[in-house]
Each structure stands twice: as structure tokens, then as C-alpha cells.
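This report examines how two parts of one protein chain meet. The sequence and structure are shown first, and the interface is described after them.

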Amino acid sequence: MKATARAHPIQGLVKYHGMRDEELRLPYHDSISVCTAPSNTTTTVEWLPESDEDTYVIDGEEVDGRGAERIAMVLDYVRELAEFDHGVRMESENSFPSNVGFGSSSSGFAALAMAAVESAGLDMTRPDISTVARRGSSSAARAVTGAYSHLYTGLNDDDCRSKRIETGGDLEENIRIVAGLVPAYKETEQAHKEAAESHMFEARMAHIHGQIAEMRDALHEGDFHRVFETAEHDSLSLTATTMTGPSGWVYWQPETIAIFNAVRELRDEGVPVYFSTDTGASVYVNTTKEYVDEVEQAIADCDVETMVWEVGGPAEVLDESESLF
């Protein structure tokens, strides 16, 4: 009753904001993302039939408090599906910085759900497993199905699940994502709780359906510019809603703005490049394989650490030789 899984984090393209149900993490509206590789989370889960204790370790540190509660939401649901009450040991490792706006919760809960379902002996499809992962993080549902994925809104697991989007052109092979690391702590969960209290929220809800339709069509057509221009504009809409909530969260730092300006200067020079942010100060800079070296240098010149990522696939179960314990 032991399994190990690996998942890639997501970059939100049309991002969700706010939850109509915080326990089941049901978002108010649909969302679309792309997974980023080789960044990943690896997680091993072992069910312990002779124990009633749970232990959770991430990057060598035992997890407690709200983090442990969110992990338990996923594992308790797997217990319910498997019809047992075993204790569990979970260990997880990230290959990239966490809690800085690069989607570590998405890959973390996707890998957790994949490993927990496999080790419990459940026969589930990836869209099915996405509903398990969603209980830890709505974004994790899309990390389960991988690449370009769409999480549909709904009030139950049959409706609120993630499905892979088949893309045209070379949107999976030719895309490069320069990650500009701006290590500022963020409060994503609290921002989601406050989203509906922003006076911008209804405006966002009014246009998000058009954004989803535009993004899906652009992905089907394989249109790089439409996909990532839409993602750039959605980032600004998301941030406007976040900044006008009760706490007035302003995540962007001077380096964030510097990266935006560098991207716009490159674009004025004819380089195909667009920026995107989630709830954080770090920036995804989307370009193509041909221009990635030039783009990375420009972002590095903003005095930030950079990483170059590609489009990542779905969450996968690993060979037992890759177990963390």
C-alpha cells in the first residue's frame, strides 16, 4: 500500500479567483492553465493498516497547522473512497522554490492525490483523480491532467473536474517559459477568500466566460500570440481584483514591474513574448524556443534569478525505485 507520484506545477492562463465552497474548493468560474516542466513535486504515500497516526513531511520539514489540514482533506477523501481508516505516512519534495507564485500547491496536491489513489488500489482516471486533488488546491486538479488543461466549475465532482485540452500547432513543443523569481511571501488562500468582496469581482465574473472561450479557441488553433496575450491581460484582471479586496493585497515588487517593462520593450522590438503572474510577485515570461536565450538574458538583467521551463505533462506514478522512503 505504497506509491510514489510526480506532478508539474501550473501557470494559470485564465485563472480562477475565489471559491464558492471552501471545503470542497469549488471555484466560482472555469480556469485554464499550462503545466511547467521540469519543475516538479515528487510525493510518496504509504497507507499503514496497523496504525491510526498520520505524518506529513515536505522538503524535510514536518507539516502542521493549515497545511496539514489541507493534506488531510485529500487523504480523508481517499480513505472514504477506499472504505478504510488506515494511518498514513507522506513525504514530498519540490524541485523548485515554493510559496513564491510558481504553483507549488498545484504540483504538491496533484502528486499527493496521484500517489494516494494508486497506493489505495483505486481504479480512477486522471479526470477522476483531479477531483481528489482539487480538495487540496483547485489548481492541482489541472496539474493532474497536465499540459494545457481546463477545470470546469460546478457543484459536484461530476462537473467540477479537469480535462486536457488538445492544442493545435506547436504549442506543446515550441513554448519556453522563462521564470523570473521574485521571492516575496504571499497569502494566496486568504486572497481567494476575499475575492468576492472586491468591487471588481462582478466585473471579472462578467468577462471571464469570454476569456475562457477565447483561450480555448486560441489553443485549438495553436495561436501563440492569442494564447499568451490573453494570459497577460488576465493576469492584470486578477491582480486588480486581488488589490481591491478588504486586505488590499499588493504582491508585485519593483522587480516584477521591471520584468513587465523588459517584456514590453522586447515586444516592441519584434520578439514574441508575454508576461503572466498568478497571486505572487514572481513572473512567467512566455516566448518561443527561437527567442528564449534573448528573453532569458533580458529578464536576468532585471537582477532576478531565472529558470527556463517547457510544457509539462500529466501527473504520473513512478517506479518503486524512486520512492522517497
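Two salt bridges are found across the interface of domain 1 and domain 2, a salt bridge being a side-chain nitrogen of Lys or Arg within 4 Å of a carboxyl oxygen of Asp or Glu. Lys 15 pairs with Asp 278 in a salt bridge whose closest N and O atoms are 3.9 Å apart. The model is predicted: local features need pLDDT of at least 70 and side-chain atom pairs pLDDT 80 or more, whereas totals for chains, interfaces and linings use all residues. Residues are numbered from 1 along each chain as its sequence is written, and side-chain values use heavy atoms, without hydrogens and water.

The bounds of domain 1 (2-167) and domain 2 (173-311) come from an automatic or database domain assignment. The centres of the two domains, taken over C-alpha atoms, lie 23 Å apart. Contact (heavy atoms within 4.5 Å) involves the following residues.

| Domain | Residues in the contact |
|---|---|
| Domain 1 | 39 residues |
| Domain 2 | 50 residues |

Between them, domain 1 and domain 2 bury about 3,600 Å², 65% of it on carbon and sulfur atoms. Buried area is the accessible area (1.4 Å probe) that two parts lose on being put together, summed over both. Of the area that domain 1 buries against domain 2, 22% is supplied by Lys 15, His 17 and Phe 102, more than by any other three residues.
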